[in-house]
Amino acid sequence: MEYRQFGKLNFKVSALGFGCMRLPTTGKPEDINEPAAIQMIRHAIDAGVNYIDTAYPYHGGNSEKLLAKALTDAYRQKVAIATKMPVWLVQQSQDFDRLFHEQLERLQTQHIDFYLLHNLQANSWAKMRQLNALAWLEKARDQGHISHIGFSFHDNFTVFKEIIDAYDGWEFCQIQYNYVNENVQAGTQGLQYAADKGLAVIIMEPLFGGALASPPPLVQQLWHNAPADPVTTALRWLWNKPQVATVLSGMSTLEQVQHNLAAATASGIGTISQAESDLITQAQEKYKQLNPIPCTQCGYCTPCPHGVAIPNNFSLYNNAHVFAGNTVTLSRALYGLLPPSHRAESCADCGDCEPKCPQQIPIRQWMPRVHKELSAK
Ligand code: SF4
Ligand code: SF4
């Protein structure tokens, strides 16, 4: 296992982190196949994984409970655990204590190593500030219930920068990032910004909800005679970057764990070959060709006078079309989490944006289609 520096902390984190959001089930998401999940988690720990990530809502609340079971028999001492405050359930400041104590009970512990505000966006960040979330986090740390304070994020770079700049106490953050999301959400710019500020950056969705594991045929053909399979290539692209602390993979089978452990063991900063780098560039180009909306995420059309996050809406729509499967669900969930004024439905048809678009995209025509697709149940 390769170990990497975790921001400014005196901690070397395993290159591969275990994400407990896609554990094996016996049917519905909340029905975790406990023997299989425990075997997978322990196998990963035995092979050197030392960071495990869960959250309040994963598997209908059962992920945290499962992790507690997996970490009996002296496994708890071998790993750092991370979980997150479900900020959307916090309506008043007393809710912090209530939800946190529920998590301690589920996890059967009095101490969480890495604690995050879950899924910060512009509106949830404003609410957290209003409810003094940072003071609550510091109190929990002073009382010895948590060690390190961070946040996970799903909004644009401007919001990301604002959150980082607002508080000197952040020690780490968690962003969605992969080779097709370089300019989405925090993106490469956010990765660099956070790393420059000394935060450890944890990567989630490295395979974009699993979509990069099975590319469409036009992209898959690039891997004919490639030095590694699509999953390994996507992970190695991330591990090649010095700004990345650890890569969380939400694994669902023991085979996936074994595969990713092997990839992590052979990973490292500056280790990808020119052939691998060229392959990624070609795959990025192919994916762009598959996008129904030829948006390059340049941002020249912003700001929209009515608040519509034009590039973000187009990115979610394109992803839902190109990758299908889990990514449709992810895109719709992220669309639903946007403030209403940011969504395509808020387009007032003013036309201000269209002359600024170098791709000459008929933005007004697309907005109703984007809303219809992303708001479908
Ligand atoms: S046409 Fe719609 S998206 Fe474009 S600037 Fe006007 S309101 Fe915003
Ligand atoms: S200007 Fe055009 S290409 Fe650039 S982000 Fe806006 S819609 Fe996309």
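What span should the 13 residues of helix α1 (residues 34–46) have at 1.5 Å a residue, and how far apart are its end C-alpha atoms?

A: At 1.5 Å a residue, the 13 residues of helix α1 (residues 34–46) should span 18 Å, and the end C-alpha atoms of α1 are 18 Å apart, which agrees. The expected span of a helix is taken as 1.5 Å times one less than its number of residues. Helices (H or I, at least four residues) and strands (E, at least two) are DSSP runs, numbered from the N terminus.

The model is predicted: local features need pLDDT of at least 70, side-chain atom pairs count only at pLDDT 80 or more, and totals for chains, interfaces and linings use all residues. Residues are numbered from 1 along each chain as its sequence is written, while chains are lettered from A and ligands numbered from 1 in the order in which they are written.

The buried residues of α1 are A37, I38, M40, I41 and A44. They cover an arc of only 160 degrees around the axis, and therefore lie on the same side of α1. The arc is that of the directions from the helix axis to the C-beta atoms. A residue is buried if 20 or more other C-beta atoms lie within 10 Å of its own, exposed if 12 or fewer, and partly exposed in between, with C-beta atoms placed from the backbone. The face of α1 turned away from the buried side carries the exposed residues P35 and D46. The cover over the buried residues of α1 includes β3 (16–19), β4 (51–53), α2 (62–70) and α10 (254–265). Contact here requires that the C-beta atoms of two residues, placed from the backbone, lie within 7 Å. Just after α1, G48 adopts a positive phi of about 115 degrees.

Helix α7 (187–196) may be described in the same terms. Its buried residues are G190, L191, Y193 and A194. They cover an arc of only 170 degrees around the axis, which puts them on the same side of α7. These buried residues of α7 pack against α6 (157–166), β8 and β9 (200–204). After α7 comes G198, with a positive phi near 90 degrees. The loop between β8 (172–176) and α7 holds Q185, which has a positive phi of about 55 degrees although it is not a glycine. Q185 counts as buried because it has 21 C-beta neighbours inside 10 Å.

Q108 also calls for comment. This residue is not a glycine, yet its phi is positive, at about 55 degrees. Q108 lies in the loop between α3 (94–107) and β6 (112–120), and it counts as partly exposed because it has 14 C-beta neighbours inside 10 Å. Strand β6 contains D113, which is likewise partly exposed, with 17 C-beta neighbours inside 10 Å. Leaving aside residues up to four places away in sequence, D113 touches A80, I81, A82, S147 and H148. One of these, S147, is 34 residues from D113 in sequence, but the two lie 4.9 Å apart in space, C-alpha to C-alpha.

The account now turns to the division of the chain. Domain 1 (3–279) and domain 2 (291–374) make up this division, with bounds that come from an automatic or database domain assignment. The C-alpha centres of domain 1 and domain 2 lie 27 Å apart.

Two ligand shells complete the account. A residue is near a molecule if its C-beta atom, placed from the backbone, lies within 6 Å of it. Ligand 1 is surrounded by 15 residues, the closest being C304, H306, C347, C350 and C353. Helix α14 (residues 363–374) supplies the largest share of the shell around ligand 1, 3 residues. By class, this shell has 10 nonpolar, 2 polar and 3 charged residues. Around ligand 2 there are 15 residues, of which C295, C298, C301, P311 and C357 come nearest. Helix α12 (residues 310–323) gives the most to the shell around ligand 2, with 3 residues. That shell divides into 10 nonpolar, 4 polar and 1 charged. The loop between α11 (274–290) and α12 contains P303, which is joined to T302 by a cis peptide bond with omega of about -5 degrees.

Conventions:
Ala, Val, Leu, Ile, Met, Phe, Trp, Tyr, Cys and Pro count as nonpolar, Asp, Glu, Lys and Arg as charged, and the others, Gly among them, as polar.
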